[in-house]
Amino acid sequence: MLALLTCLALVAWGAAEVFNRQALAWAERDVVMRARLVASAVAPSLLHGDGKDAQRQLDAMVRDERLMGAALCLPDGRQEAASDGFPAAHGCATLPAAALQAGEPGWDRSVLGPAGALHLTALPVSDGRRAPRLLLLVHDMSYVDRRAATTRRYTFLAFALVGLLGAVAAGLVARLSWISWTTQLRKVLLSPFRSSAAKAPRRFQPLLSDVRDLVSTLAAEEARAESGWTPERLKQVLRSQLGGEAILVVANREPYIHERDPAGLGGVRVVHPASGLVTALEPVMRACSGTWLAHGSGSADFDVVDARDHVRVPPDRPTYDLRRLRLTPEEERGYYYGFSNEGLWALCHSAHTRPEFRSGDWEQYQLVNRRFAEAVAQEAGAPDPIVLVQDYHFALLPRYLRELLPRATILTFWHIPWPSAERFGICPWEREILDGLLGSSIVGFHTQAHCNNFLESVDRYLESRLDRERSSVVQGGRETLVRAYPISIDWPSRLADGTAPAAECRAAVRRELGLPEDALLGVGVDRLDYTKGIEERLLAVERLLERHPRFQGRFWFLQVAAPSRSTIEAYRALAERVEALAARINERIGRDGWRPIILARRHHEPPAIFRLYRAADLCYVSSLHDGMNLVAKEFVAARDDLRGVLVLSRFTGAARELTEALIVNPYDIDASAGALAAALDMSPAEQGERMRSMRGLVAELNVYRWAGKMLLDATRARRKERLATRLGGAPWSAS
Ligand code: F6P
């Protein structure tokens, strides 16, 4: 614009200059002609009289406003007569010789007077009798300057106007052509990429090749997002994508439980709960820091918290906060044991235990969800925190939290399977549960099959719009993405460094269990839960020993069963059945002091479990239905000696990833026994090959990737929400 204005000003100035010069030339010519006319008209009478007459006539002449003075000069430059007030500076004496001697047509010149330009004209006048004289006329030309100034002003104005109109017209043309260009370009870009490239007008070709480059760069970045996840990279994602914001995790189970010393000596010990959720999420929180909100379930939990019920954890190297919430026995009974575990747990697992739904439990479930939502809002340091909601204990919390913090980014992860829509309809509050979850920005499951079941349930029970292509639900103008994020464990495991090598663990564990050095050992590690297929597992071991007597006296199976939810009747009954089954098998098959089933019904700390994994020849995971099952991945992570065989139920999410395990149907006792035999007979080379492949996969698909991918998706959702808010749309409206 500056360049344009300068050019226009220069052109206007040039044009005015040319015009003024021309106007001056014309004015001078007019003056000379006028002077000649005057001279020829007055000459006879001027020379006829005496000096006084001449004076009078000259005075009469200068009545003309443009004529400033008139004088009659003698050929030698003396002045014979002059009008009154004749400008002395330009009198006869000042005339050059050329003027005095000029014959026809006379002499003229422009000069600068004190009040502006003057034009001098000297014209010969003669009456034929006397010697010729010169009539000297002085014209005032200052009006030409005034006209020039006016002309210049109008020229500038005219150019400014033309410039303005030109700019407006050019802007309009540019806008219209931009609209048409972008419309065409959008059409080209929105049509399927390959065909668009072929049909696109030539002017778009260079741009399309840029777009192609961009797409492949993004694809490469996407591919990079799939691999190489470490705690550092997760931290970096948090810093670069989410401005280093602290994360809030809400989970019923706390990562560290403080228990009073059972001996009653006043000491406090820290217990690490047996929980897949904790196994996965704890390393993520170590990397990200932030606050974990959970039910304070330990007997000494509130002895060690501060005034805000916070305690820094991990106890040995604090990096994040644990905020504990107290639940009354009534709340715990209704919300945790009742609705969560007798209702939703049984509903979501196809393990033949009838779900129990009681309205009293439902009330407690709503109440506790609301209490946790309020606690999250208290902990949030900003109106738009990132909140990771964990599991079936908090299906309503996302909606409650959305009401309190409409701009929060809420990622809800459902750690257990999601049943078919038909089965989900068993829940009397199916709409409320779905609506609660749809308060989330993203709802995550372990597998695509669970995502599909969830979408089907929403479709069947709620008024909403499903976008199957984006795998999302739009409800009340707000979009919730539904995505599969297969959960995992940290890699390399923190426990690896502190645990003895496999050979040492092998010898030590056999010694502790009182087994011979060359004993074959299988392990099963679970909470004592009816979904884990512990009975089917023990039956498969029994069948193995029956069908393959060569293993009798040589093979032991150690079942670690951490007590869980033991106030629920189904769990109590299971514990009794498992105990009885182990005793029966040992009774029936055992001999000479060999008792094949070792049942360890107590809590084991993670390092002890890690040692067992390293000591075992096989690990059998026989879940009847399981979201992921991290025991399978932990076993693989422990086996850096590339030995040991994983026998894995096909009803776990892990079976989709760990395909080099021996995959079994745990209900098929004969086939499972066959797989156990194959595991015990497997050559070290084959064990190594299978283990190497599974370890590569767990290393790649570790828990940092799980969290990182969720957070990256959250970042995108967050940007979209912020953009929509800035553009004035509903903050959550879907595009
Ligand atoms: O599978 C769901 C889950 O939350 C797991 O993450 C965990 O292993 C288990 O349930 C823990 O159960 P609880 O917290 O009731 O002991």
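A residue is termed buried when its relative accessible area is under 20%. By this criterion Cys619 is buried in the predicted model, with a relative accessible area of 0%. Cys619 takes part in no disulfide, and the nearest cysteine sulfur, that of Cys505, lies 15 Å away. Cys288 is likewise buried, at a relative accessible area of 8%.

One disulfide was identified in the model. The bond links Cys73 with Cys92, at an S to S distance of 1.9 Å, and is left-handed, with an angle of -75° about the S-S bond. Cys73 belongs to strand β1 (residues 67-73), whereas Cys92 falls in the loop between β2 (79-82) and α3 (97-100), so the link ties together parts that are 19 residues apart in sequence. Both partners are buried: the relative accessible area is 0% for Cys73 and 2% for Cys92.

The ligand is surrounded by Arg253, Ser275, Gly276, Leu277, Tyr336, Trp345, Asp391, Ile416, Arg527 and Arg565. By class, this shell comprises four nonpolar, two polar and four charged residues. Helices α8 (276-288) and α9 (329-348) each contribute at least two residues to the shell.

A polar side-chain atom of Arg253 is placed 3.0 Å from a ligand oxygen. Backbone atoms also take part: a polar backbone atom of Gly276 lies 2.7 Å from an oxygen atom of the ligand, and a backbone N or O atom of Leu277 lies 2.9 Å from a ligand oxygen. Of the 390 Å² of accessible area that the ligand has on its own, the protein covers 90%.

Definitions and conventions:
Residues are numbered from 1 along each chain as its sequence is written. This is a predicted model: local features need pLDDT of at least 70, side-chain atom pairs count only at pLDDT 80 or more; totals for chains, interfaces and linings use all residues. Side-chain values use heavy atoms; hydrogens and water are left out. A residue is near a molecule or strand if one of its heavy atoms lies within 4 Å of it. A polar contact is a pair of N or O atoms within 3.5 Å; within protein, one must be able to donate a hydrogen and the other to accept it, and residues adjacent in sequence count only if both atoms are side-chain atoms. Accessible areas come from the Shrake-Rupley method with a 1.4 Å probe; for residues, only the protein chains shown count as cover. Helices (H or I, at least four residues) and strands (E, at least two) are DSSP runs, numbered from the N terminus. Ala, Val, Leu, Ile, Met, Phe, Trp, Tyr, Cys and Pro count as nonpolar, Asp, Glu, Lys and Arg as charged, and the others, Gly among them, as polar. A disulfide is a pair of cysteine sulfur atoms within 2.5 Å. Buried means under 20% relative accessible area, exposed over 50%, partly exposed in between (1.4 Å probe, protein chains only).
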